[in-house]
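Subject: Handover of a structure and notes on what was found

Dear colleague,

Please find the sequence and structure below. The notes that follow are meant to be read alongside them.

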Amino acid sequence: MIKNDFPILTSGKAEDYGFDSQKLQLVDEQINVDIAAGFPGAGLIIIKDSHIIKHDVYGYKRKYDDNGNLLPKFDLLELNTLFDLASNSKMYAANYAIMHLVAKGKINLDAPITTYLPEYTGHDNNGQSRDERKVINLLYHDAGYEADSQFFNPAAIGAEFYSQDSTLTKQLILTELPFQRPQGGAPLYSDVDFILLGMIVESVTQQSLDQYVEDTFYRPLGLSNTIFNPLRKGFKASDCAATEINGNTRGATVSFPNIRTQTIQGEVHDEKAYYSLDGVSGHAGLFSTLADMAVLTQIMLNQGNYAGHQFWNAQVQDEFTSANSFDSSYGLGWRRAGDPASRALKWFSPYASKQAIGHTGWTGTMTVIDPKYNLAIILLTNKRHSPFVNGRFEGDSLATGNYTKITTLIYQALNSLGD
């Protein structure tokens, strides 16, 4: 605990903090149009100058029963509904933990991974050395792993790497899993990088990842709705927004051992996290609410501080949010808006500043943190709770599901845009 002058969140009126309230209503109109067109549900919170100027939910937490049929009455979203954050877990669990441990001098980004995970040694079957990989390679996504190692599916990964046991999965990553390419160069986004980062946190702290982030961040800040494995920790399925209708089957087009076939609600959707890592991983598994996420994003706007807690300092934050030299859309873990003229990630919109950072999650979650405007946007949806037709989820076809129009309308409502 430290004393500081960094702000804590309070509520405020949009027009008092630089927004045109009439233009901001266009956001509501767009999301409601999408809900009427079949989009399942969305929650939105906007922070400006440390004030929550918008906090709303739209649509439904669940529309389909366990057989994939529409419910007679849809379950409405509530302000305190928990959402499966998917890959936003990478930032608000694993990345926060790493940033904090770097600030405390317990992790050196340039140290070999084997410093913290001694079993992570030797060569793979392509002659690539684990000993040469550094912590920073995991954060930059340039360690050389393939994008999606499907441990849970023997048909996809092969019998030698198949695992639906957390201990075995971690052992396979430490000692057996091969690299797809040499380390360094342009980033290749991979979940394995963040699974390993979560394992590093566990090794350094001698706590499970979920326990460490709950003890270090969430509980001290009163964020009782930010949690891994919510159904094991006092929450009910009905407290959470549902995700895929037919389990992990993509409309009965995918099959593997023990696959879930019923509507997923309150369990992490991500297959690697659920089947192969017991619901707790550095890459996925975290659930949270709009209000809790507002606090977590404000920590970044406060350069590592909130409510008397300092988790890291400005120097550490600058290091983690600086651009990768090969691809400016990557920082250390964070995704970056970068130059609007060459913006790779359209969900930031054309109007986000070059300093804006954030992340998305496969289930339909997005966070944008823009220091230039002292602004954070949190859009949590359950867009995968929609029919899977012709190789895609219907929720992806609507504006709320690809985020860009929503972020654009929010920025366009800012009176100071372009100042």
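Salt bridges join Lys90, Asp148, Asp191 and Lys272 into a network. A salt bridge here is a side-chain nitrogen of Lys or Arg within 4 Å of a carboxyl oxygen of Asp or Glu, and by this rule the count comes to 19.

Please note that this is a predicted model, in which local features need pLDDT of at least 70 and side-chain atom pairs count only at pLDDT 80 or more, while totals for chains, interfaces and linings use all residues. Residues are numbered from 1 along each chain as its sequence is written, and side-chain values use heavy atoms, with hydrogens and water left out.

Salt bridges

Helices (H or I, at least four residues) and strands (E, at least two) are DSSP runs, numbered from the N terminus. Both aspartate 191 and lysine 90 are buried; buried means under 20% relative accessible area, exposed over 50%, and partly exposed in between (1.4 Å probe, protein chains only).

A further salt bridge connects lysine 61 and glutamate 78, at 2.9 Å from N to O. Because lysine 61 lies in strand S3 (residues 51-64) and glutamate 78 in the loop between strand S4 (70-76) and strand S5 (83-84), the pair ties together parts that are 17 residues apart in sequence. Lysine 61 counts as buried, at 5% relative accessibility, whereas glutamate 78 is partly exposed, at 41%.

Two loop residues

Asparagine 382 is found in the loop between S13 and strand S14 (388-389). Its relative accessibility is 2%, so asparagine 382 counts as buried. The side chain of asparagine 382 reaches the backbone nitrogen of glycine 41 at 2.9 Å. Beyond its neighbours within four places in sequence, asparagine 382 has contacts (heavy atoms within 4.5 Å) with several residues, including Tyr60, Lys61 and Phe83.

Proline 371 sits in the loop between strand S12 (365-370) and strand S13 (375-381). Proline 371 counts as partly exposed because its relative accessibility is 47%. Glutamine 355 is 16 residues from proline 371 in sequence, and their C-alpha atoms are 6.5 Å apart. Leaving aside neighbours within four places in sequence, proline 371 is in contact with Leu301, Gln355 and Ala356.

Yours sincerely,
A colleague

Notes. A polar contact is a pair of N or O atoms within 3.5 Å; within protein, one must be able to donate a hydrogen and the other to accept it, and residues adjacent in sequence count only if both atoms are side-chain atoms.
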